[in-house]
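This report describes one protein chain.

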Amino acid sequence: MGIDEILNSGKEKMEKCIAQLRKDLATIRTGRANPMILDKVTVEYYGAPTPLRQVSQVSVQDGVTLVITPFDKSIIKEIEKALIKAELGITPNSDGMVIRLTFPPLTEERRKALTKDVKSTGESSKVAIRNIRRDMTDDLKKAEKAENMPEDSVKDGQDKIQKATDKYVKIIDDIVAEKEKEVMTV
């Protein structure tokens, strides 16, 4: 395995790590209604746990209210149970046809707690990036022994691995800072 293959493989893994971070941060609640907060909610539908978004339409009504319209009105009680069980911090309000989730404004204390969650999620992503760097460095050392690479090629490879790591850590910092700003704005 050459330096370029090691780098490309590592960068691909780092990109996946960034994508997962974005997905995880999208589920952290801000002051606005965001349908992605319901991505992890599953509903018992014909005896099988089914993602909420597969059994209903979710729309944002006025920036602070999510409206959940089930495709099958008979499961509205099951959806309510699933929303309560998901512990979103919001009580579902049903009129028998649709369910409304109204997001109250976040308190300063709650915003600070959410900011800590955002930072923690970002740190976990940085650890994952560093683990990928370690794996890339190990692969480079194996390739050095197997292919008898010149020392300057190995050093150049290590520099490229570190530059890629620094780049992705910076991306994580930027994403986290953006999400913190979003959480803290009233």
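## Cavity

On a 1 Å grid over the protein atoms alone, a cavity is a set of points where a 1.4 Å probe fits but cannot get out, and a pocket is an open set with protein on both sides within 12 Å along at least five of seven lines; a lining residue has an atom within 4 Å of a point. Grid points are joined across faces, edges and corners, and the volume is the space filled by probe spheres set on the points. The model is predicted, with local features needing pLDDT of at least 70 and side-chain atom pairs counting only at pLDDT 80 or more, while totals for chains, interfaces and linings use all residues. Residues are numbered from 1 along each chain as its sequence is written, and side-chain values use heavy atoms, leaving out hydrogens and water.

One cavity of 30 Å³ or more is present. The largest cavity holds about 50 Å³ of space. Its lining consists of Ile6, Ser9, Gly10, Lys13, Ile132, Asp135, Met136 and Asp139. H1 and helix H4 (108–147) are the elements that give two or more residues to this lining. Helices (H or I, at least four residues) and strands (E, at least two) are DSSP runs, numbered from the N terminus. By class, the cavity lining has three nonpolar, two polar and three charged residues. Here Ala, Val, Leu, Ile, Met, Phe, Trp, Tyr, Cys and Pro count as nonpolar, Asp, Glu, Lys and Arg as charged, and the others, Gly among them, as polar.

The largest pocket holds about 200 Å³ of space. Arg22, Leu25, Ala26, Asn34, Ile175, Glu178, Lys179 and Glu182 line this pocket. Two or more lining residues come from each of H1 and H5, and H5 gives the most, with four residues. The pocket lining divides into three nonpolar, one polar and four charged residues.

## Helix packing

Helix H1 (residues 3–26) and helix H5 (residues 151–184) have axes that come within 11 Å and cross at roughly 10 degrees. H1 is therefore roughly parallel to H5. Contact (heavy atoms within 4.5 Å) between these helices involves residues including Ile3, Leu7, Met14 and Ile18 of H1 and Ile161, Ala164, Tyr168 and Ile172 of H5. The residues of the contact of H1 with H5 are 13 nonpolar, three polar and five charged.

H4 also packs with H5, at an angle of about 170 degrees and with the axes 10 Å apart. H4 is therefore roughly antiparallel to H5. The contact of H4 with H5 has 13 nonpolar, eight polar and 10 charged residues. Axes are lines fitted to C-alpha atoms, for helices over the stretch in contact, and angles run from 0 to 180 degrees between N-to-C directions. Angles under 35 degrees count as roughly parallel, over 145 as roughly antiparallel, 65 to 115 as roughly perpendicular and the rest as oblique.

## Sheet

Four strands form an open sheet in the order S3-S4-S6-S5, with antiparallel pairing. Two strands pair if DSSP finds at least two bridges between them. S3 and strand S5 (93–94) are the edge strands, each pairing on one side only. Helix H3 (residues 76–85) packs on the sheet and touches S3, S4, S5 and S6. The direction of H3 makes about 20 degrees with that of S6.

Strand S3 (residues 56–60) and strand S4 (residues 65–70) run antiparallel and are joined by five bridges. Ser56 has Pro70 of S4 as its bridge partner. The hairpin of S3 and S4 has four residues between the strands, and Gly63 in this hairpin takes a positive phi near 90 degrees. S4 is joined to strand S6 (residues 99–102) by four bridges, again antiparallel. Thr102 in S6 is the bridge partner of Thr65.
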